[in-house]
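Here are my notebook entries from an afternoon of looking things up in a model.

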Amino acid sequence: MTVTGKSNYSVMIVDDHDMVRAGLKTYLMLEPKFEVIAEAGNGEEALRVLEQSETLPDLILMDLMMPVMDGVQATAAIMERYPELKIVMLTSFLEDDKVLAAVEAGAVSYVLKTVSAEELIYALTGAVKGMPVMTADVSQALTRGLRQRSAQGADEGLTEREKEVLLLIADGMANKEIAEELHISIKTVKTHVSNLLMKCELEDRTQLAVYAHRKGWAKPQA
């Protein structure tokens with residue numbers, strides 16, 4: 001499907017509240033270039049409607065929080081089957097992880113339900129051209145989500161054994177004590193400590209202990 005050169009665009013509204021769908025439909029009636037051709041009450045129903053439709057919509061206005069299948073799950077499933085569709089996430093929630101999840105699932109834009117009718121039309125107009133439209137607060141939430149993901153990614157580089165050694169260091173154990181606790185050689189402990197210092201980009205055992213406590217992994221000190 002291509003929307004290049006089109007003057008009118010079809011829209012599908014997916015929201016579990018009848019009144020919200022009716023309100024959105026009324027909003028879109030104010031703009032002649034958009035026509036609502038389908039509705040659904042959750043992501044699973046949206047997939048069924050798309051599968052049974054002879055003509056796919058150009059745009060989907062997707063609610064985030066819905067029963068059965070939420071907006072993120074539905075967006076990911078729709079993008080896998082119909083990658084040409086443009087999805088705008090419309091929600092009341094501005095949580096960093098939800099914004100990031102929606103964008104990663106394939107949503108072109110993420111718009112709060114508090115926007116005006118004009119702002120909604122602007123977001124939809126941008127979406128048909130593949131142009132992301134996000135308010136400043138949404139963009140900031142996306143940035144924070146990416147930073148948090150990046151920080152979490154650094155933790156994933158540690159093996160389970162390295163994490164065990166790290167927690168024992170945080171408990172104040174020396175290499176010999178760690179070796180006895182884990183039934184490994186002191187040489188192996190030293191290797192794990194070296195790897196921890198390198199992966200965590202730290203300089204000594206004290207910094208490793210502080211790191212473990214900051215991450216919330218270590219037991220609180222009495």
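I started with contacts, which I take to mean heavy atoms within 4.5 Å. Among contacts in the protein with a separation of 6 or more, 64% are between residues 24 or more positions apart.

**Entry 1: ground rules.** The model is predicted, so I noted that local features need pLDDT of at least 70, that side-chain atom pairs count only at pLDDT 80 or more, and that totals for chains, interfaces and linings use all residues. Residues are numbered from 1 along each chain as its sequence is written, and side-chain values use heavy atoms, with hydrogens and water left out.

**Entry 2: overview.** I found 10 helices and 5 strands in the protein. These are DSSP runs numbered from the N terminus: helices are H or I with at least four residues, strands are E with at least two. For burial I used relative accessible area with a 1.4 Å probe and protein chains only: buried is under 20%, exposed is over 50%, and partly exposed is in between. Of the 222 residues in the protein, 43% are buried.

**Entry 3: H2 against H3.** How far apart are the axes of H2 and H3, and at what angle do these helices pack? I read 9 Å and about 20° for H2 (residues 43-52) and H3 (residues 71-81). The axes are lines fitted to C-alpha atoms, for helices over the stretch in contact, and angles run from 0 to 180 degrees between N-to-C directions. H2 and H3 are therefore roughly parallel. My labels for angles are roughly parallel under 35 degrees, roughly antiparallel over 145, roughly perpendicular from 65 to 115, and oblique for the rest. On the H2 side I listed Gly43, Leu47, Leu50 and Glu51, which meet Ala74, Ala77, Ile78 and Arg81 of H3. By class, this contact of H2 with H3 has 5 nonpolar, 1 polar and 2 charged residues. In this scheme Ala, Val, Leu, Ile, Met, Phe, Trp, Tyr, Cys and Pro are nonpolar, Asp, Glu, Lys and Arg are charged, and the others, Gly among them, are polar.

**Entry 4: more on H3.** Which residues of H3 are buried? I noted Gly71, Ala74, Thr75, Ala77, Ile78 and Met79. Their cover includes H2, E3, strand E4 (86-91) and helix H4 (96-105).

Entry 5: Asn42 sits in the loop between strand E2 (34-40) and H2, and at 13% relative accessible area Asn42 is buried. A polar atom of the Asn42 side chain is 3.0 Å from the backbone nitrogen of Glu44. Setting aside residues up to four places away in sequence, I found Asn42 touching Val14, Met66, Pro67, Val68 and Met69. Val68 itself is in the loop between strand E3 (59-63) and H3. Buried or exposed, I asked of Val68? Val68 is exposed, at 61%. I also flagged its phi near 70°, a positive value in a residue other than glycine.

**Entry 6: another positive phi.** His183 has phi near 60°, and this residue is not glycine either. His183 lies in the loop between helix H8 (175-182) and helix H9 (186-199), and at 73% relative accessibility His183 is exposed.

**Entry 7: Thr125.** I looked up Thr125 in helix H5 (residues 117-128). Thr125 counts as buried at 17% relative accessibility. Its side chain makes a polar contact with the side chain of Lys33 at 3.2 Å, and a polar atom of that Thr125 side chain lies 2.8 Å from the backbone oxygen of Ile121.

**Entry 8: H7 against H10.** Helix H7 (residues 160-170) and helix H10 (residues 205-214) pack at about 100°, with axes 8 Å apart. I therefore logged H7 and H10 as roughly perpendicular. Leu166, Ile169 and Ala170 of H7 meet H10 residues including Leu208, Ala209 and Tyr211. The residues of this H7 and H10 contact divide into 7 nonpolar, 1 polar and 1 charged.

Note on methods
A polar contact is a pair of N or O atoms within 3.5 Å; within protein, one must be able to donate a hydrogen and the other to accept it, and residues adjacent in sequence count only if both atoms are side-chain atoms.
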